Amino acid sequence: MNPNKKRLRRTMMFLNAQKPGLIKDPYIYKPDSIMLDLEDAVAEKEKDAARFSLYHALREINYRGIECIVRINGLDSGLWKEDIRCAVAGGADGIRIPKTETAKDVKQVEKAVEEAENEFGVEPGKVLVMAALESAKGVLNALDICNASERLFGIALSGGDYTKDLQTRITGTGVELMGARQHMIIAARAAGVQCFDTVYTDLDDMEGFKKDVETIHLMGFDGKSVINPRQIAPVHEIYTPTQKEIVFSQKVVKEIEEKKKLGIGVFTVDGKMIDIAFYDGAKRTIELAKASGVLKEEF
């Protein structure tokens, strides 16, 4: 399995692949991933120019460990295969499939990625894929989509198109997205892949944005798509475990490992009843703290 499938992805910042000013140094804002967009952000007559810009950016810019994902054009566009060839040849880490509705969509892209890796001498399996679910059909097929390919590291909700398909709109309350969010996170966890939330487009409402991120964090999402550097720090802050959570998780892991040797199944830590069911969650908190850079010592 590609070791990058489970990497930390709290933030994915969308950038127009055609604009050198945007894609030359996004690493200064420290998102976990950047999403170089060849689809909606690029006008139809500018697709070739955008690919040219994308290829040279991937080849020549040192993104300093930040993951580079390319959003290709839709599978009904006639543009997506050339997008994949360009992205793979340039050295992209992954491909985002827009408007994914079935497992077949993922398999089509998987085949094209394999062919491009072959063509350009890229290590087989290096380029991962993710699927954006943008319709009621896509959301309902989430589990099949999650299980469609070993390359698939996660699924993402695209709220604008999804709410249009539902014949409603983005309200800022989250009510219209709740069903899709819950269904997708359940499907992703059942399949063992990651799950990402949609963008928050009101850049003047930072309080609303923070509440939205707190909601999806509590629901279990791995991260959020962002459209502006100002949105990065609040997401990372919310997703970084507190010192209290880290210390408690370390105690839980240590106690469970010690009590297991003694045949003790239930005990207390800081006055809270604990059993083996708490182990994986505590380990995840510790790993997230390490990946976030707030826990450096070996545990």
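Me: In strand 4, which residue is the bridge partner of V70?

Reply: The bridge partner of V70 in strand 4 is I95. This is a predicted model, in which local features need pLDDT of at least 70 and side-chain atom pairs count only at pLDDT 80 or more, while totals for chains, interfaces and linings use all residues. Residues are numbered from 1 along each chain as its sequence is written, and side-chain values use heavy atoms, with hydrogens and water left out. Helices (H or I, at least four residues) and strands (E, at least two) are DSSP runs, numbered from the N terminus, and two strands pair if DSSP finds at least two bridges between them. Here strand 3 pairs with strand 4 (residues 94–97) in the parallel sense over 3 bridges.

Me: How many bridges join strand 2 to strand 3, and do the two run parallel or antiparallel?

Reply: Strand 2 and strand 3 run parallel and are joined by 5 bridges; within strand 3, I69 is the bridge partner of M35.

Me: Which elements make a right-handed β-α-β unit with strand 3?

Reply: A crossover is right-handed if, with the strands pointing away from the viewer, the path from the first strand over the helix to the second runs clockwise. Strand 2, helix 2 and strand 3 make such a right-handed β-α-β unit. From strand 3 the chain then crosses through helix 3 to strand 4, and this β-α-β crossover is right-handed.

Me: What span should the 14 residues of helix 2 have?

Reply: The expected span of a helix is 1.5 Å times one less than its number of residues. For helix 2 (residues 47–60) this gives 20 Å, and the end C-alpha atoms are 20 Å apart, which agrees.

Me: Which residues of helix 2 are buried?

Reply: The buried residues are K47, A50, R51, S53, L54, A57 and L58. Seen down the axis of helix 2, these fall within an arc of 165° (the arc being that of the directions from the helix axis to the C-beta atoms), so they line one face of the helix. On the other side of helix 2, D48, F52, R59 and E60 are exposed. Taking contact to mean heavy atoms within 4.5 Å, the buried residues of helix 2 pack against helix 1 (20–23), strand 2 (33–37), strand 3 (67–71) and helix 3 (80–90).

Me: How many of the residues of helix 3 are buried?

Reply: Helix 3 is mostly covered, with 8 of its 11 residues buried, namely W80, D83, I84, C86, A87, V88, A89 and G90. These buried residues pack against helix 2, strand 3, strand 4 and helix 4 (103–120). Just after helix 3, G91 takes a positive phi of about 110°.

Me: How many aromatic pairs does a search of the whole structure find?

Reply: A pair of aromatic rings is described by the distance of the centres and the angle of the planes. Rings of Phe, Tyr and Trp (its six-membered ring) pair if their centres lie within 6.5 Å, and planes under 30 degrees apart count as stacked, over 60 as edge-to-face and the rest as tilted. The search finds 2 aromatic pairs. F153 and F196 form an edge-to-face pair, at 6.1 Å centre to centre and 75° between the planes. Because F153 lies in strand 6 (residues 152–157) and F196 in strand 7 (residues 194–197), the pair ties together parts that are 43 residues apart in sequence. F153 counts as buried at 1% relative accessibility, and F196 does so at 0%. Y200 and F209 also form an edge-to-face pair, at 5.8 Å centre to centre and 65° between the planes; Y200 is buried with a relative accessible area of 10%, and F209 counts as buried at 0%.

Me: Where does S135 lie?

Reply: S135 lies in the loop between strand 5 (128–133) and helix 5 (136–140), and is buried, with a relative accessible area of 8%. Not counting residues up to four places away in sequence, S135 touches E101, Y162 and D165.

Terms used:
Buried < 20%, exposed > 50% of the residue type's maximum accessible area, 1.4 Å probe, protein only.
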